[in-house]
Amino acid sequence: MSLIRATINKATYEFDEKPGGEGMTILDALHLAGIEVPTLCHDERLKPCGDCRMCIVEIGGMTHPATSCNTKLTDGMVIETHTPELEAERRSLMKMYTDHYPAQPVQVFPDKKFHKYLRDYGLTMECTGDFNPDLLDDTHPYIRVDMSQCIDCYRCVRICREVQGQFVWEVINRGAETRILPDSGTTLLESSCVSCGACVDTCPTGALEDKSILKYGTPTEWTRTTCPYCGTGCEMNVGTRDSRMVTVTPVADAPVNKGHLCIKGRYAYDFVYAQDRVTDPMIRRNGEWEKVSWEEVISFTAGRLNEIMDKYGPDSIGVLGSSRATNEENYLAQKFARAVIGTNNVDCCARVCHAPTATAMKMTLGTGAATNSYDDIEHAATIMICGTNTTENHPIIGARIKQAALRGAKLIVIDPRRIELTQYADTHLQLRPGTNVPLFNAMAFTIIEEGLYDESFIAGRIDEWEEYREFIKQYPPEKVAAICGIDAKLIREAARTYATNKPSMTVHGLGMTEHMQGTEGVMCIVNLALLTGNVGKPGTGVNPLRGQNNVQGSAHMGCEPDNLTGYVSLKDNREFFESAWNASLPTGKGLNLMQMMDAADAGKVKALWAIGYDIFLTNANSHETRRALEKMELVIIQDIFVNETAKEFGDVFLPVTSSFEKDGTFMNAERRVQRIRKAIEPLGNSKPDWEVICDIGRAMGKGDLFYFESPEEIWDEVREVWKAGRGISYERIEKGGLQWPCPAEDHPGTTILHSETFPAGPRTALQRIDYKPTPEMISEDFPLLLTTGRTLHQFNAGTMTMRTNNTVLHPTDFLDVSPEDAFVLHLAEGEKVTLRSRYGEAVLPVRINDNLKRGELFTTFHNPEVFLNYLTSPHHDSYTRAPEYKVTAVRIEK
């Protein structure tokens, strides 16, 4: 890498030339040299424009000053940054704003960048503008808009366009009449705003401001941590004042989110202070919850577990880890199950979402996790989006995909609905729910028939090629079209794009996994990647978008009946773990969550410890879960709220902290282990999950196994037993996460898997997957097909988001109905209806939505008052028993 030499303010500096041929700007160089020049229109996340001209510098040999933000640094440049002439011009530029700018905000918020510059140039007393009530918009639940403070820097306009891709803010009129308005032409609440807060984050004046800042004041301390919502793993700065969270902002240099957040990460943190937050241990006596001390609840819980073990045996108890808990806590949960109770009955919520992905990818590629990294989005020429409404469920990844499309990447969207990314797609395959397998087989048929496969990759790394070629002849697009409800020409078009416009990557969500053939559907995606050589290279791969903040980590830490920490086989690694723990591991086959419910219903499982997991609300076909839980003798709930499982069936309640109140690590969907850090002290008497598990382990006589005094101590034990994670120490991830495999402390981590070989060797086989239709079919009595999922403003069971102002933006679950079905059924917008299946019913309001095909419905499952899972079906994936949430035959009753 060559050096660029420059003289700045009479001192000589050397800079490494930027990789990729982008070139370094003078402003970049000034930042590296620690020299600050004022900027008003500049934001590192945006393309430099130089409109404000505050960053001007003098360059030797040039007649006029140049804006440093968009002038490239060249070798030998001589630069001056703060001559009297430059400072005078900057003061003149600032003076242009003072006549209309109000004085009061300058005093109240002195740290705003614009207000700082006013002080620096002695202009604070010259702000003579008035507050204009006509320019105030207070309708949004999180953001106050006061355009009396707008200086027309256009950063809000640009960041909405260039980072979020939403185009909410618009510039109207010219000159002195210029105004910036939301695209609604009225209020921000009525606009297309997705409440990511990027415009607030970039605003230098306070024209756009978080209402929490106005209420509680500016933060006095900041803590870097990781978001507690989806599996993207965005890093955030938590601002606190007087020991209270007052705001959250994105970490500018975070490799995952690159200075961006969604509404949930940015604003939905007030659940921590919800009125019904439980911070004292409780035992249910005579049907009522009674507050007790930690000493009493630990003794009681340990005693009851011992009684049940003695009476029914260790396999009468099940333990559920939590995707909301840390890696360290999930590690302890499975260690407790195996080394204290003596059972392999341990699971987590990966069971009901991406267990099919992990199983499919481990069976085919040897590793049950994403092959690539989020940064490959920017390298892909084609992105195939399978069963994920990415801009709503993983908004930061969705925004990056939108920006990739705007730069020219081709998109293939495979989804029963017209999701937002369909607007940017070259091809939309709007398949019938439940027909993933025949669709991907038809794409494979096209690739083989038209000779679009990667011959060298197949020759070097693929087995059973001839057998697969013969098998796939059963699935021509012209035959599959009627099954999937898609034109055969579109199937062929998508296959050609994926196979020829390389590198091609896939991202997939629960629309792939929550089916009877969920595992096999993911295998079919892997087949396409292998056929086309889209594995082991930048911009390629098979990349699941995990649903919860640590669902990847909870399973990977060993909260699975058949796998230990590192997602390694219990059968093959028992002796190693027994030696590491100095404890015997159970030999009996463990039960997964669904099997635990069946066993409880049969009277065999008598106790359950559910950590951060509301299984009654979230399991499909809640009637079956109710029957199982009613027959248990002990249900231990460890959570921050009395969830639906606790309300109906709980015997013990262990109150724990949120992720903002403890330390540890999360693992995101791209295999990145990242730190979470305590931003506030635990509320009331709540404790971190790891402390509670250790307390009960010690109370049951296993203090030698649960001796830990900190999360870092636990993590160091994880590193001892997880070979692929040994190089990931707390010290190394202090300023950013690492992706496993990372087997040693001098290893940089692994961004792309399978570049040269697979874990089992250099070759793998293509999987021959036949289509098996789900038994959940429409009929005369149940003529409509329901699919369920999440929405942007709410999250899963609503435990967190339903206790925030996100309810202003999305107050409940809605039943989305196509205009055609609404017309035939005489349904009106907002009308409450009964949605009935063969298994149960739910009452919810109608929302007429033209993104659905006739005969298909969609709704979310966030509101416990709706309790949607009373009507979802009992069918499940044939490999992992993940429920088939995506296909339920229903009817609508007025």
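The buried residues of helix α2 pack against β3 (56-59), β5 (77-80) and α4 (113-120). Contact here means heavy atoms within 4.5 Å. Buried means under 20% relative accessible area, exposed over 50%, and partly exposed in between, with a 1.4 Å probe and protein chains only. Helices (H or I, at least four residues) and strands (E, at least two) are DSSP runs, numbered from the N terminus.

This is a predicted model: local features need pLDDT of at least 70, side-chain atom pairs count only at pLDDT 80 or more, and totals for chains, interfaces and linings use all residues. Residues are numbered from 1 along each chain as its sequence is written, and side-chain values use heavy atoms, with hydrogens and water left out.

Helix α2 covers residues 84-98, 15 residues in total. It reaches 21 Å from its first C-alpha to its last, close to the 21 Å expected at 1.5 Å a residue. The expected span is 1.5 Å times one less than the number of residues. Which residues of α2 are buried? They are L86, R90, L93, M94, Y97 and T98. Seen down the axis of α2, these buried residues fall within an arc of 155°, so they line one face of the helix. The arc is that of the directions from the helix axis to the C-beta atoms. On the other side of α2, P84, E85 and M96 are exposed.

An α-helix has 3.6 residues a turn, so residues three or four places apart point the same way.

Helix α9 (residues 294-312) has 19 residues. They should span 27 Å at 1.5 Å a residue, and the end C-alpha atoms are 27 Å apart, which agrees. Its buried residues are W294, V297, I298, T301, A302, R304, L305, I308 and M309. Down the axis of α9, the buried residues fall within an arc of 160°, so they line one face of the helix. The face turned away from that buried side carries the exposed residues E295, D310 and K311. G313 follows α9, and its phi is positive, near 95°.

Where does A380 lie? It is in the loop between α11 (355-364) and β18 (382-386). A380 is buried, at a relative accessible area of 8%. Leaving out residues up to four places away in sequence, A380 touches A409, P503, M505 and G539. The C-alpha atoms of A380 and G541 are separated by 9.8 Å, though the two residues are 161 residues apart along the chain.

P503, one of the residues that A380 touches, sits in the loop between α18 (488-500) and β22. Strand β22 (residues 504-508) holds H508. H508 is buried, with a relative accessible area of 0%. A polar contact of 2.9 Å joins the side chains of H508 and T357. Such a contact is a pair of N or O atoms within 3.5 Å; within protein, one must be able to donate a hydrogen and the other to accept it, and residues adjacent in sequence count only if both atoms are side-chain atoms. Beyond four places in sequence, H508 touches residues including H354, C386, T388, V522 and N543.

## Backbone exceptions

Most residues other than glycine have a negative phi, and most peptide bonds are trans. The table gives the exceptions discussed here.

| Site | Backbone value | Location |
|---|---|---|
| K502 to P503 | cis, omega near 5° | P503: loop between α18 (488-500) and β22 |
| W740 to P741 | cis, omega about 0° | P741: loop between β31 (738-739) and β32 (764-765) |
| F867 | positive phi, about 55° | loop between β37 (856-860) and β38 (888-893) |

F867 is buried, with a relative accessible area of 8%.

An open sheet of 3 strands has the order β6-β7-β10, with antiparallel pairing. Its edge strands are β6 (136-137) and β10 (208-210), each pairing on one side only. Two strands pair if DSSP finds at least two bridges between them. β6 and β7 (residues 143-146) run antiparallel and are joined by 2 bridges. D137 stands opposite V145 in β7.
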